[in-house]
Amino acid sequence: MSTQIESDLNPFTREVITNALQSAAEESFINLGRTAKSSVIYETLDYACGLIDTDGKVVAQANGVPGFLGTLKFCVEDTIEKYGLDGFYPGDVILLNDYHGGTHLNDVAMVAPVFVDDEIVMFAASKAHWTDIGGKDPGSWTTDATSVFQEGIQYPMVKLYEEGKLNHAVRDIVKANTRMPEMTLGDMQAQEASMEVAVERVQDIADRYGIHTLERAVDEWLAYGEQLVLDEIETLPNGTYHAEDFLDDDGITDDPVYVTVEVTITDDTVRFDYTGTDPETEGPINSPYAASVSDARALFQAITLPEAPTNGGFFEPLELVIPEKTVLNATKPAPIGTDWESSAMAADLPWKALALHLPEKLSAGHFTSVCATIVGGTDDRTDDDFLVIEPQPGGWGACRDRDGADVLVCSGDGDTLEMPVEVMETRFPLLFDQFTLDTPQEAGHGEFRGGTGLVQDYKVYNESGAFITASFGRSEYPPWGVGDGQAGDGNYIDIVKNDGTTERHRKLTNYELEDGEVARLVTSAGGGWGTPLERDPERVLEDYRNEYVTSETAEAVYGVVVTDDGKLDTEATEQRRRQLIAESATIEL
């Protein structure tokens, strides 16, 4: 497929400029990662950077957190709405983290205008997870907040830097509203420095090619993105598709929360309509509009051209209907501390609706939740407070022609990483007795098997103990299978007490851990694809040998009989499969 855009601009010049802008976004990203103080930024990579034009369209972005990338346009748009284009000056940096372009409050954004010859040509923007921004609990986000005011300080698009000069009053407010001022101020400075890098690189491009050529290249780049995706939409199956699901709870009550979508595909548009989704909740699983849009855009790209360069034009054919005051479009003061639980559904619902219709592009359901975890306390060795914050990876769904991926982060977290165990054991009073695949697998079976989840043990070796805060969604409503593929087994947290007893949870806030106790984090297998009885017996035997399944599961679920010496009993397998098929037919009747 070849997409042509009519232009008298030299195509080589256009390519050089747009690639230079992409490099500017990526250099900004690398700069922030290398200079931040918090491990959740420099190790986990829980941040994103991009360039946005004055109309709020993405020009370039680094491959950071997908759940952040789509929000950067709103950060810029809302900042422009507040100040107007004539309200900015060279060297300004705006700080924001509330509902304007928001996710949860820990994800602090910065916006900086790029001036060339007294004209704003675009904006640099970034969003990064700050370890602590105040609020009622350490780490700020919790599972039991009932108001956004309990979740930390809000920065309502205030100027951190004015004409290049630090606003010391704002800095003092930032410092006064965190339990970890050295770390927070370090992250703030690193993020601001990364903005400077982006601004300078864009100015270098404009100085070399001129503002007019830069703007033409950007306009054509956006037009190219739109035409590229329009050509692909024409190949999608026209129609209307539905899906519905539930969130386990809101953190306050045990009542499930209903979510639904209607997907409509025409020759030139894709529409996701979430009308019918439950209202915003008392607890903090609510998602701001920008966060839901960001996740929905990620799914839109997955069903069109996942490897295509991303810009604002690419998303023009996507129409979103997300009713206000629902769990996918919450309004202030609804709490948003664990917003990923609902925003993930903005992607997972259309994914579920379309998986059977786009099997070459989509898998069965994955473990979905960020499974975010905070472990903290006071380190006996130093008397300093510590906080470990990281997502947990899990199983991804099977595809029509292959098994699902094992232990990857969820779709909304993109390129984030697990913090190395060696780093955590060195810096924090923790031991990791277990970091392993959750095998043998008890769910997610199918002709193609869902990927397996993770088991990770946080063991406390600190006389003063520690605490854990965690939100593991998709516990009661596990990842879905496709075409008779089994569902996954759900995410959960086991607390292993010193007396040997175990407590199971899906959400925890400030749960006290004594010295020697273990928080065991278990993430779900992905959903399976197709009936297990159609899986190649040789593949089942390989699964058995690799300890993905037991011999009992091989026989009971797949109808595959493994001998005592670990070989395939072909005759017994044929007989067992005929028996299971007959039993299944009887049950259906």
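Which residue forms a salt bridge with Asp-92? In this predicted model, the partner is Lys-159, and the closest N and O atoms are 2.8 Å apart. Asp-92 belongs to the loop between helix H4 (72-83) and strand E3 (93-96), while Lys-159 belongs to strand E6 (residues 158-162), so the contact ties together parts that are 67 residues apart in sequence. Asp-92 is buried, at a relative accessible area of 2%. Lys-159 is also buried, because its 11% falls under the 20% cut-off.

A search of the whole structure gives 34 salt bridges. Three of them are listed here.

| Pair | N to O distance | Separation in sequence |
|---|---|---|
| Asp-92 and Lys-159 | 2.8 Å | 67 residues |
| Asp-245 and Arg-474 | 2.7 Å | 229 residues |

The side chains of Asp-245 and Arg-474 meet in a salt bridge. Asp-245 is part of strand E8 (residues 239-247) and Arg-474 is in the loop between strand E17 (466-471) and strand E18 (492-496), so this pair ties together parts that are 229 residues apart. Asp-245 and Arg-474 are both buried.

Glu-319 is partly exposed, with a relative accessible area of 34%, and Arg-271 is partly exposed at 31%.

Salt bridges also join into a network, whose members are Asp-249, Asp-254, Glu-476, Arg-506 and Lys-507.

Terms used. Residues numbered from 1 in each chain as written. Predicted model: local features only at pLDDT ≥ 70, side-chain atom pairs only at ≥ 80, totals over all residues. Heavy atoms only, no water. Salt bridge = Lys/Arg side-chain N within 4 Å of Asp/Glu carboxyl O. Helix = DSSP H or I, 4+ residues; strand = E, 2+ residues; numbered from the N terminus. Buried < 20%, exposed > 50% of the residue type's maximum accessible area, 1.4 Å probe, protein only.
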